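Visitor: I have a model open and would like to learn how to read it. Could you walk me through it?

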Amino acid sequence: MENMLENNCQIIAKATELFLTKGFKSVTMDDIANEMGMSKKTIYQSFKTKTDLVSTVGDHIFNAIKSGILEIRERTLNPIDEFYTINDYVIEHLKDETTAPEYQLSKYYPLIHSRLSSMKYDEIQDCVTENLNRGIELGLYRKDIDIPFVIGIYFIGVGGIRNQDIFPNENFKPKKLTHSYLDYHIRGLASEKGIKYLENFKNKRNQKNQIINE
């Protein structure tokens, strides 16, 4: 039983790595078996189909990101800083999304994608509601914000920019695209004070990135 559990964890870890770097569609069970130096039969003892494995990996990725976001939220950062910190964390965890994992999931595994989207919406609703309320209290966001509307638009937006038919990776680099959308989103929420804070924050961030890249 212990060996079975260990095998499962190793399979999930390797499958997660391959799915994120090569795509849910491209990676086969043979690929995973070859990478792990085990027989495909061993994988099928734990996961009856590739769909079962994709579903498990989807849950694994969701829970890992959820845990990381919770840790960020517990730091009680400035609301604008928090948005960017969470965004950076998700990008890093999804390996810059160069294989468009969420888009592939929606296209080839729609039922799994729908289930995970529902879970993601619940988390976004909680996270963004708290962020917006703090931002309003601090005067960074406008007081007249319709919070349920903003949550819905944000959820649709973060999913929509991953649509490869509209934003193909060869024309829109995933990391830059998500930052552009976040800037667009915050500017729609921000008060005059918030805009000033955002500009200062971005200037410091750009300077820091320039130093790192030199």
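Guide: Let's start with burial: a residue is buried under 20% relative accessible area, exposed over 50% and partly exposed in between, using a 1.4 Å probe and protein chains only. This is a predicted model, where local features need pLDDT of at least 70, side-chain atom pairs count only at pLDDT 80 or more, and totals for chains, interfaces and linings use all residues. Residues are numbered from 1 along each chain as its sequence is written, and side-chain values use heavy atoms, with hydrogens and water left out.

Visitor: Is Val150 buried or exposed?

Guide: Val150 counts as buried because its relative accessibility is 9%. Across the protein, buried residues make up 44% of the 214 residues.

Visitor: Where does Val150 sit, and which residues does Val150 contact?

Guide: Contact here means heavy atoms within 4.5 Å. Val150 belongs to helix 8 and, leaving aside neighbours within four places in sequence, is in contact with Leu132, Ile145, His185 and Leu189. Its C-alpha atom is also 9.0 Å from that of Thr129, 21 residues away along the chain.

Visitor: How many helices and strands are there?

Guide: Helices (H or I, at least four residues) and strands (E, at least two) are DSSP runs, numbered from the N terminus. The protein has 10 helices and 0 strands. Its C-alpha trace spans about 60 × 40 × 35 Å along the principal axes.

Visitor: How do I describe two packed helices?

Guide: Two packed helices are described by the angle between their axes and the distance between the axes. Axes are lines fitted to C-alpha atoms, for helices over the stretch in contact, and angles run from 0 to 180 degrees between N-to-C directions. Angles under 35 degrees count as roughly parallel, over 145 as roughly antiparallel, 65 to 115 as roughly perpendicular and the rest as oblique.

Visitor: At what angle do helix 8 and helix 9 cross?

Guide: The axes of helix 8 (residues 147-160) and helix 9 (residues 174-189) cross at roughly 170 degrees and come within 11 Å. So helix 8 is roughly antiparallel to helix 9. Val150, Ile153, Tyr154, Gly157 and Val158 of helix 8 make the contact with Tyr181, His185 and Leu189 of helix 9.

Visitor: What about helix 6 and helix 7?

Guide: Those axes come within 6 Å and cross at roughly 125 degrees, which means helix 6 is oblique to helix 7. Among the contact residues are Leu105 and Tyr108 of helix 6 and Leu116 of helix 7.

Visitor: And how do helix 5 and helix 7 pack?

Guide: They pack at an angle of about 150 degrees, with axes 9 Å apart, so helix 5 is roughly antiparallel to helix 7. The contact includes Phe83 and Ile86 of helix 5 and Val128 of helix 7.

Visitor: Which residues touch the most other members of the largest nonpolar core?

Guide: A nonpolar core is a set of buried Ala, Val, Leu, Ile, Met, Phe, Trp, Tyr and Cys residues joined through side-chain atoms within 4.5 Å. Of the 31 residues in the largest one, Phe19, Phe24, Ile32, Ile43 and Leu53 touch the most other members. Helix 1 (2-22), helix 2 (29-36), helix 4 (50-73), helix 5 (79-93) and helix 7 (110-137) each give two or more residues to this core, and the largest share, 8 residues, comes from helix 4. Apart from this core lies another, of 24 residues, including Ile136, Ile145, Tyr154 and Ile186.
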